[in-house]
Amino acid sequence: MKILEKITLIIYSNIILILSIILCLLVFGWLDIGLVGDIVTKIIVGETSSKILLGVSVVFILLSIKCIFFDATSREQIKERQGVLLENESGKLMISKETIENLVNSVALNFQSAEEVSTRVELDKENNVRVFVNLIVNEEAVIKDLSANLQTRIKEKVKTATDLEVKEVNITVKKVAPKQQTEE
C-alpha cells in the first residue's frame, strides 16, 4: 500500500470513529441533537470550512471508488505470486510455481525410499526459491541420508532446468509407511 493511501486510510478511519462515537452519544441521549445540528450547519455554511469539507469529501469519494473497483495488487505482484518471469533479448519466459513444484516432486519420487511427496514453493521479489517438501517414506529409509541427498538433488535439478538458485530446501518427514505385505 502506498504511503498516501495509508495516510488517507488513517484519516478516514478516524473520521468514521468520531462519527460513530457522536451517533452513540446521540442515541443514548448524552449529547443534544440541536448542538450537533448547529455545529454541522456552521461547518456547511461557513465559506472556508465548506470548501475544505467539499475537498475532503471529493478525495474520499475518489478513494472509495478506487478501492471498490480497482484491485490494489499490481500486475507485477500477481506475476510474482504465479511464478518467475525471466527475460532475455529473445523474449520473456514465465516459470510457474507449479512447474517448480512438479519438478521437485519428480526428483523426490525418484528416490526409492520416498513413498509420497507434496511440495510447496515460495518466491520472493529477488526470485529466490524456497522449497518445502513433505514426505512419507518407507520404513527402510535412512531419513538423514535421504534428506541430505534430496536437498542436493533438488537444488541441482532446479538450477539445471530453470537457472534459478534454490536458497533452501526444507524437508518434513510426515510419516514412515509400514512395509507392504506381499501375499504368498
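Start by selecting leucine 19: its relative accessible area is 46%, so leucine 19 is partly exposed. That class lies between buried, under 20% relative accessible area, and exposed, over 50%, with a 1.4 Å probe and protein chains only. This is a predicted model, in which local features need pLDDT of at least 70 and side-chain atom pairs count only at pLDDT 80 or more, while totals for chains, interfaces and linings use all residues. Residues are numbered from 1 along each chain as its sequence is written, and side-chain values use heavy atoms, leaving out hydrogens and water.

**Stop 1**

Leucine 19 sits in helix 1. Helices are DSSP runs of H or I with at least four residues, strands are runs of E with at least two, and both are numbered from the N terminus. Colour helix 1 (3-28) and helix 3 (47-69), the elements that give two or more residues to the patch. Helix 1 gives the most, with nine residues.

**Stop 2: the salt-bridge network**

Next, turn to the charged side chains. The whole structure holds six salt bridges. Each is a side-chain nitrogen of Lys or Arg within 4 Å of a carboxyl oxygen of Asp or Glu.

Select Asp124, Arg130 and Glu168, which are linked in a network of salt bridges. Check arginine 130 against aspartate 124: their closest N and O atoms are 3.6 Å apart. Then check arginine 130 against glutamate 168, where the N to O distance is 3.7 Å. This second pair links distant parts of the chain, 38 residues apart: glutamate 168 is in strand 5 (residues 166-177), arginine 130 in strand 4 (residues 129-138).

Show the surface here. Arginine 130 is partly exposed at 26% relative accessibility. Aspartate 124 is partly exposed at 24%. Glutamate 168 is partly exposed at 30%.

**Stop 3: one more pair**

Finish with lysine 159 and glutamate 165. They form a salt bridge, with the closest N and O atoms 3.0 Å apart. Lysine 159 is partly exposed at 33% relative accessibility, and glutamate 165 is partly exposed at 44%.
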